[in-house]
Amino acid sequence: MPNKKKNKAENLLLKQESFWDIATREEQSKAFEFCEGYKTFLNTNKTERQVILDSISLAKKSGFKDANFEVRIGDNKKFIFNNRNKSAIFISLGENGFTQGAKILLAHTDSPRLDLKVRPLYEDTGIAYLKPHYYGGIKKYQWPTIPLSMIGTVILKDGKEIEINIGEHKDDQVFLISDLLPHIDLERMDKPLKKAIGAEELNIIVGSRPIGDKKIKDRVKLSVLEWLNKNYQMSEVDLFTADIRFVPSFPVRDVGFDRSMIAGYGQDDRVCVYTGLTAFLASKENQTKILFLADKEEIGSVGTTGAKSLFLENVLEHLLLKTNAPISINDLFRQSKAISADVTAALDPDYKASHDPRNSPYLGNGAVIEKFLGWGGKMMSTDAEPKFIREIVDLFNKKKVVWQTGHLGKIDEGGGGTIAVYLANRNLDVIDVGVGLLNMHAPYELASKADIYSAYKGYNVFFES
Ligand SMILES: [Zn+2]
């Protein structure tokens, strides 16, 4: 009775299948179409500030309005709270206001990159350099010999705010970290990857043409300062006061003959920012929903703009008061449910030994649900509640969201934390749902269009559930 056996297997086994095998043709076309918008977003937003400003302008097209702590609330039901252009909270009030809690999605705006040291500009043997301080978890050997863009914000002496963006336009100049030719690098070639290139050797080449006056010292450095002054009214102190990031200049591209994947810088976690934002904006407005885009996840979710800050409480307490909501902030949290939307590592067939192939997520198998992360003995893990996991699994199955289970690498091979803990601390149910990447934290990360679209769909049905 082969059929009966097949049915039995069907009922008993947990299937982890490829989106491309189970999604309809129409659904697959939708995935490709959806990713065109994502590619534009990823291409234009390479810093946390750009991510926030673009997200705000997209939300405004859907009727969201700037709300700051002084403005009257009035009849408005769709609010944007912008925190220093680096994190933001978007809130849409449903029919019951805050009385029955809210659906919350948290994603992060920052990605690994090169920031600058405090006195970064110097010259050495006729070449001018900016000395970076890396931000987040990077593999240092991946950063030399790739084109870098300089993006940032400078506040001048007179208070004027200047935006710098050099390297993103195809005719722009770019910046570069050099590496030694293999011919004379034999000693270093024997070093382990971790030690081959030190942080102090990552220096960004920014000029080589000296100013004319030979009597002056540091003529190339001065020539760079002259250029910065002419084009951005900056002087050396502004390199100290400014927020300047160096990021890979590569544009976002389709990958593969079949164009089924996307390569781009900063997909961690802008893939979840974009899918979360578009799902949030597209979902029905009958329920109260919150989108929290937080900064500083890559360095521990700290500071005024990180997920650990009291900005969320600040915003919610303000709105509870202004809307005369008959509920305390703690009751609101207790009744809320959240998705922590972040990327994870999909199994890389070239490095199977670092993964557990029976437990890893796979590229193309849909949105990844992770019940816990952490390292060692589940250190710093949230452990989602079984009732909530069941709820999400049933919801995704009912709404035909292609999903898979996820687990980060082999135990004791490393591990990673999750931003979910900072929502769980507030006493609300939270689970990680995100997109599996190859090359995570590299200058050019790889994602599957199937997984990006599945995450969007998953977040959308969550907001509507
Ligand atoms: Zn992340």
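**Exercise 1. Work out what covers the buried residues of helix 3.**

Solution. Start with the residues themselves: Ala31, Cys35, Tyr38, Phe41 and Leu42 are the buried ones in helix 3. Buried here means 20 or more other C-beta atoms within 10 Å of the residue's own; exposed means 12 or fewer, partly exposed is in between, and C-beta atoms are placed from the backbone. Helices (H or I, at least four residues) and strands (E, at least two) are DSSP runs numbered from the N terminus. Next, look at the cover, which includes helix 4 (48-61), strand 13 (261-264), helix 9 (267-282) and helix 14 (449-464). Contact means that C-beta atoms, placed from the backbone, lie within 7 Å.

Before going on, keep in mind that this is a predicted model: local features need pLDDT of at least 70, side-chain atom pairs count only at pLDDT 80 or more, and totals for chains, interfaces and linings use all residues. Residues are numbered from 1 along each chain as its sequence is written.

**Exercise 2. Check the spans of helix 3 and helix 12.**

Solution. The expected span is 1.5 Å times one less than the number of residues. Now do helix 12 (residues 386-398): with 13 residues, it reaches 18 Å from first C-alpha to last, close to the expected 18 Å. Just past helix 12, Lys400 has a positive phi of about 55 degrees.

**Exercise 3. Find the nonpolar cores and follow Leu105.**

Solution. A nonpolar core is a set of buried Ala, Val, Leu, Ile, Met, Phe, Trp, Tyr and Cys residues joined through C-beta atoms within 7 Å. The largest has 92 residues, and Leu105, Leu106 and Val435 have the most contacts inside it. Set aside neighbours within four places in sequence, and the contacts of Leu105 include Phe280, Leu291, Ile339 and Tyr459. A second, separate core has 27 residues, among them Ala128, Val206, Leu228 and Ile244.

**Exercise 4. Trace the pairing of strands 5, 6 and 10.**

Solution. Strands pair if DSSP finds at least two bridges between them. Strand 5 (residues 113-124) and strand 6 (residues 127-135) are antiparallel, over eight bridges, and Glu123 stands opposite Ala128. Two residues separate the strands of this hairpin, and Thr125 in the turn has a positive phi of about 45 degrees. Strand 6 also pairs with strand 10 (residues 204-207), antiparallel over three bridges; there, Leu130 has Ile204 as its bridge partner.

**Exercise 5. Is Ser235 buried or exposed?**

Solution. First place Ser235: the loop between helix 7 (219-232) and helix 8 (236-241). Then count: Ser235 has 12 other C-beta atoms within 10 Å, so this residue is exposed. Leaving aside neighbours within four places in sequence, Ser235 is in contact with Leu225 and Asn229.

Technical notes. Two residues are in contact if their C-beta atoms, placed from the backbone, lie within 7 Å.
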